[in-house]
Amino acid sequence: MENNNPTVYVIEDVEEMSSLMSMYLTKSDINSVVFSNAEDALEALKTEKLPDLIILDLNLPGMCGFEFLKTFRETYDKALPVVIVSARDADEDIIKGLNFGADEFVTKPFSPRVLVARVEANLRRQALTTAKAEETLSFGEYTLLLNSCVLKKGTVKIPLSTKEYEVLEFMLKHANETLSPEQIYNNVWKVSFGDLTAVAVYIQRLRKKIEKDPMNPEFLQTIYRKGYLLKV
């Protein structure tokens, strides 16, 4: 792209849907590159600069959205925002998408304006994270780099997704406080309603990265009937 606007990959096999998303993104000064299948998107990633965000359908021909997301996170970037847009709205699909590294899950049918608002919110958070002067928060052997979405254990980097970073940062800023799922969701997702199970999903994902035994956490503790506490 020749301008400096953010670029979004739209991976969607229904042409009417991808055209609608692309039109609304363009109206908001966001470049869009459309792919009708996951394989073409992965091929483009080999030679092109990474986009700023990916909008991903799950029911794609050939490689499904889950497979693409797993491959992308393992091969390219663990922190770049990914928004799943899918007609599949079962809890199992939402949880699976989050576990594979998605940052948002939007169910079809949806309002294009709402989708673009979510895209813009993720882009703003990513830009703010990148632009911050380097600050750190520490616990145990770990140091969280506030401007790069990276967790370090000593000198070893442990990359975090955008939402993993935001959950951990919020909990670190309220270390040793018991936080309810509602408090975490309202402050990280910035909405007062939604699927609170997302909080538990991200707590489990963080435990797998920072705890020696995720089943018996030393840092991210569950406080019965109250919520979660990050012990420092």
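Which residue in S8 is the bridge partner of Tyr142? I looked it up, and the partner is Lys153.

**Ground rules.** I am working on a predicted model, where local features need pLDDT of at least 70, side-chain atom pairs count only at pLDDT 80 or more, and totals for chains, interfaces and linings use all residues. Residues are numbered from 1 along each chain as its sequence is written, and side-chain values use heavy atoms, with hydrogens and water left out.

**Entry 1, strands.** I stayed with the neighbours of Tyr142. Strands here are DSSP runs of E, at least two residues, and helices are runs of H or I, at least four, numbered from the N terminus. Strands pair if DSSP finds at least two bridges between them. S7 (residues 142-145) runs antiparallel to S6 (residues 136-139), joined by 4 bridges, and Phe139 stands opposite Tyr142. S6 and S7 form a hairpin with 2 residues between them, and Gly140 in the turn has a positive phi of about 55 degrees. S7 also pairs with S8 (residues 150-153) in the antiparallel sense, over 4 bridges.

Next I checked burial along H3 (residues 65-75): Gly65, Phe66, Phe68, Leu69, Phe72 and Arg73 are buried (under 20% relative accessible area; exposed is over 50%, partly exposed in between, with a 1.4 Å probe and protein chains only). Down the axis of H3, the buried residues fall within an arc of 160 degrees, so they line one face of the helix (the arc is that of the directions from the helix axis to the C-beta atoms). On the other side, I found Glu74 and Thr75 exposed.

A nonpolar core is a set of buried Ala, Val, Leu, Ile, Met, Phe, Trp, Tyr and Cys residues joined through side-chain atoms within 4.5 Å. The largest one has 55 residues, and Phe68 is among the members that touch the most others, as are Ile54 and Val167. H8 (residues 197-210) gives this core its largest share, 7 residues. A second, separate core of 15 residues includes Val8 and Phe110.

H6 (residues 162-173) packs on H8 at an angle of about 85 degrees, with the axes 10 Å apart (axes are lines fitted to C-alpha atoms, for helices over the stretch in contact, and angles run from 0 to 180 degrees between N-to-C directions). H6 and H8 are therefore roughly perpendicular, a label for 65 to 115 degrees. Contact, meaning heavy atoms within 4.5 Å, involves residues including Val167 and Met171 of H6 and Tyr202 and Leu206 of H8.

Notes:
Angles under 35 degrees count as roughly parallel, over 145 as roughly antiparallel, 65 to 115 as roughly perpendicular and the rest as oblique.
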